[in-house]
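Hello,

I'm passing a structure on to you, with a few notes on what turned up in it. Please have a look at it first, then read on below.

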Amino acid sequence: MTSRKKIMPTNQYRNNDKAIGIGNPFWDMSEQNGLAGIVAGLENDLLSTPSGHQFVNFSCCSYLNLDSHPRVIEGAIDAVRRYGVLDHCIARSRVQLPVLKELEESLGELFQADVLSGVSASSISGGLLPLIASGHLGNGVRPLMIFDKHAHVSLAAAKPACADETEVVTCNYHDLEFIKDCCKKYQRVCYVVDGSDSLGGYAPVKELAELQDKYGLMVFYDDSHSISAYGERGIGYVRSHSPALNENTVMVVTLNKAFGTSGAAILLNGYSQPMLRLVERFGGGLNYSQNLNTAAIGASLASAEIHRTAELPMLQKKLYDNIALFDSLIPTEQSGNTYPIRLVPMSDETVISEGRQVIEAGFYVSPVFFPIVAKGTAGLRVMMRAGQTEDQIRRLCKILAEVRAPQ
Ligand SMILES: *Cc1c(COP(=O)(O)O)cnc(C)c1O
């Protein structure tokens, strides 16, 4: 008998028992089958393990292959040489290197917004969302925070912190009726959603813009998945479609996917300088954690320059052509859209062994299963990039068709 108190969790917004209990056995299985925990070096877009197995990565989000672009590599090296320091560790609100400002101005011009950079979209969102929840980034009124059920995990992770500042609810996927009802009931509402999401869907940007106009709805878009890969100068899905570029639209994008470098950016419009300072000072990791280092900044400056040239639409076209070729060989539910991710459905029971056959044939695609996706919707996730060759894509599709043939 002990009189010491046992803690009972509320698990209102997260539940590790559940996530780990269900997810970890699949991760273990993936690793045992050589589909996770892989160590491999990259050369000429080919991955090689120490034992000599070579494979093409069809599970990488560098959709335009800018991560190994010679100008991006040179940009990183040049900036470190030019500034002579990798990261002069001090809070950015106290001292920042001129090169950080240079990058934010460059991205600001490129994406037509006031830009603050951070080390990752996850860390930025973790700091920014609670600031919105408390009404400080906004009009001073605490909003009801509506998180889309399929909002990226980095957004969902901010729920407990937001819930300490305001009311938090989760809505069904793109549930406009629910959002509208909340707009009628609450003084202020903020909806948190991916611009383009891992289900291959796109946020209902136009319908949301109407609610923004009518009710002053605030929308927090994470457009990490379509920045660079989509739109003129890589402006992304949301900004290609939304007329609302004002203080009711907050946007976060990673620079680590199609942009091809490291870091992330907050894109704001219509906020005053004091408000931008507030974000800089109180946006969590933005101030108390490290800044983008000089190599990442130099790489990003170079990538931003590429975004301004005719090379960007060329790379985008190459990506779309590769996606179209894949679609012509393996139809999926995502066929026809410009989103670079395809899910080739497999059963929960066999998805790992099928993934294993595919990597043995020289292509890495990631098996996805609960809790990454809902139970019963397992599959091999294929990610297309501009740098994959026609021959590689044809060979991948052949093996994919073979492994799923028995079904
Ligand atoms: C990949 C991704 C992230 C993670 O970006 P980091 O910069 O690596 O933290 C966040 N949100 C969405 C929607 C993503 O697709």
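Please keep in mind that this is a predicted model.

I'll begin with one of the sheets. Strand β3, which covers residues 54–57, runs parallel to β12, and 2 bridges join these strands.

Now to the ligand. Which residues are around it? They are S120, A121, S122, H152, S154, D194, D222, S224, H225, T254 and K257. By type, this shell divides into 7 polar residues, 3 charged ones and 1 nonpolar one.

- D222: an N or O atom of its side chain is 2.5 Å from a nitrogen atom of the ligand.
- S122: here an N or O atom of the side chain is 2.6 Å from an oxygen atom of the ligand.
- T254: an N or O atom in this side chain lies 2.7 Å from an oxygen atom of the ligand.

How much of the ligand does the protein cover? On its own the ligand has 390 Å² of accessible area, and the protein covers 86% of that.

Enjoy exploring it, and do write back with any questions.

Best wishes

Definitions and conventions. Residues are numbered from 1 along each chain as its sequence is written. This is a predicted model: local features need pLDDT of at least 70, side-chain atom pairs count only at pLDDT 80 or more; totals for chains, interfaces and linings use all residues. Side-chain values use heavy atoms; hydrogens and water are left out. Two strands pair if DSSP finds at least two bridges between them. Helices (H or I, at least four residues) and strands (E, at least two) are DSSP runs, numbered from the N terminus. A residue is near a molecule or strand if one of its heavy atoms lies within 4 Å of it. A polar contact is a pair of N or O atoms within 3.5 Å; within protein, one must be able to donate a hydrogen and the other to accept it, and residues adjacent in sequence count only if both atoms are side-chain atoms. Accessible areas come from the Shrake-Rupley method with a 1.4 Å probe; for residues, only the protein chains shown count as cover. Ala, Val, Leu, Ile, Met, Phe, Trp, Tyr, Cys and Pro count as nonpolar, Asp, Glu, Lys and Arg as charged, and the others, Gly among them, as polar.
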